[in-house]
Amino acid sequence: MASDVQSLLVNIRPTRESIANANQTIDQLATLLKTNLGRRLRVSKIVKGGSLGKGTSVRDTFDVDLVVFLHNYDVRRHQEYLSTIYDCLREDFDNLRQIS
């Protein structure tokens, strides 16, 4: 039974290489995002989550959640923050495509 589970896990887990490549891309995006957002908002930190961040990803299928923590967050400006983050993400994805 244990070997059956191990066999299944080997077949569904992503390869170390694909995890490393994904992590490298996400780290580049987080760095770009923190740099660009840092020009517009006071970013405290960016934390990686999702299945890739938690180590629960499945081969060829994973998600990444980047959680942005801001200094002096004001709930009344929430929509403004989202718009700024969205604009930065669009710019950063364009920059990331040029790097890759």
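This is a predicted model: local features need pLDDT of at least 70, side-chain atom pairs count only at pLDDT 80 or more; totals for chains, interfaces and linings use all residues.
1. Buried residues have under 20% relative accessible area, exposed residues over 50%, and partly exposed residues lie in between (1.4 Å probe, protein chains only). By this scale Glu80 is partly exposed, at 40% relative accessibility.

2. Residues are numbered from 1 along each chain as its sequence is written, and side-chain values use heavy atoms, with hydrogens and water left out.

3. A salt bridge is taken as a side-chain nitrogen of Lys or Arg within 4 Å of a carboxyl oxygen of Asp or Glu. The count under this rule is four. One of them joins the side chains of Arg77 and Glu80, with N to O at 2.8 Å.

4. A further salt bridge is formed by Lys48 and Asp27, at 3.6 Å from N to O. Lys48 belongs to strand β1 (residues 43–49) and Asp27 to helix α2 (residues 16–38), so this pair links distant parts of the chain, 21 residues apart. Helices (H or I, at least four residues) and strands (E, at least two) are DSSP runs, numbered from the N terminus. Lys48 is partly exposed at 29% relative accessibility, and Asp27 is partly exposed at 42%.

5. Arg40 and Glu91 form another salt bridge, their closest N and O atoms being 3.0 Å apart. Arg40 sits in the loop between α2 and β1 and Glu91 in helix α4 (residues 78–99), so the pair ties together parts 51 residues apart in sequence. Both ends are partly exposed: Arg40 has 42% relative accessibility, and Glu91 has 34%.

6. What makes up the largest nonpolar core? A nonpolar core is a set of buried Ala, Val, Leu, Ile, Met, Phe, Trp, Tyr and Cys residues joined through side-chain atoms within 4.5 Å. The largest has ten residues: Ala30, Leu33, Leu37, Leu41, Val43, Ile46, Leu70, Tyr81, Ile85 and Cys88. Two or more of these residues come from each of α2, β1 and α4.

7. Leu70 is one of the core residues. Leaving aside residues up to four places away in sequence, Leu70 is in contact (heavy atoms within 4.5 Å) with Leu41, Arg42, Val43, Ser44 and Tyr81.

8. Thr84 is found in helix α4 and is buried, at 14% relative accessibility. With residues up to four places away in sequence not counted, Thr84 touches Leu37, Arg40 and Leu41. Leu37 and Leu41 are members of the largest core, and Arg40 is the salt-bridge partner of Glu91.

9. The structure holds one aromatic pair. Its rings, those of Tyr73 and Tyr81, have centres 5.2 Å apart and planes at 40°, so the pair is tilted. For this label, rings of Phe, Tyr and Trp (its six-membered ring) pair if their centres lie within 6.5 Å; planes under 30 degrees apart count as stacked, over 60 as edge-to-face, and the rest as tilted. Tyr81 is buried, at 5% relative accessible area, whereas Tyr73 is partly exposed, at 42%.

10. Asn72 lies in the loop between β2 and α4. The phi of Asn72 is near 55°, a positive value in a residue other than glycine. Asn72 is exposed, with a relative accessible area of 62%.

11. Where is Ser57 placed, and is it buried or exposed? Ser57 is in the loop between α3 (50–54) and β2 (65–70), and is buried, with a relative accessible area of 11%. Not counting residues up to four places away in sequence, Ser57 touches Pro14, Ser51, Leu52 and Phe62.

12. Thr56 also lies in the loop between α3 and β2, but is partly exposed, with a relative accessible area of 49%. The C-alpha atoms of Thr56 and Glu17 are separated by 16 Å, the two residues being 39 apart along the chain.
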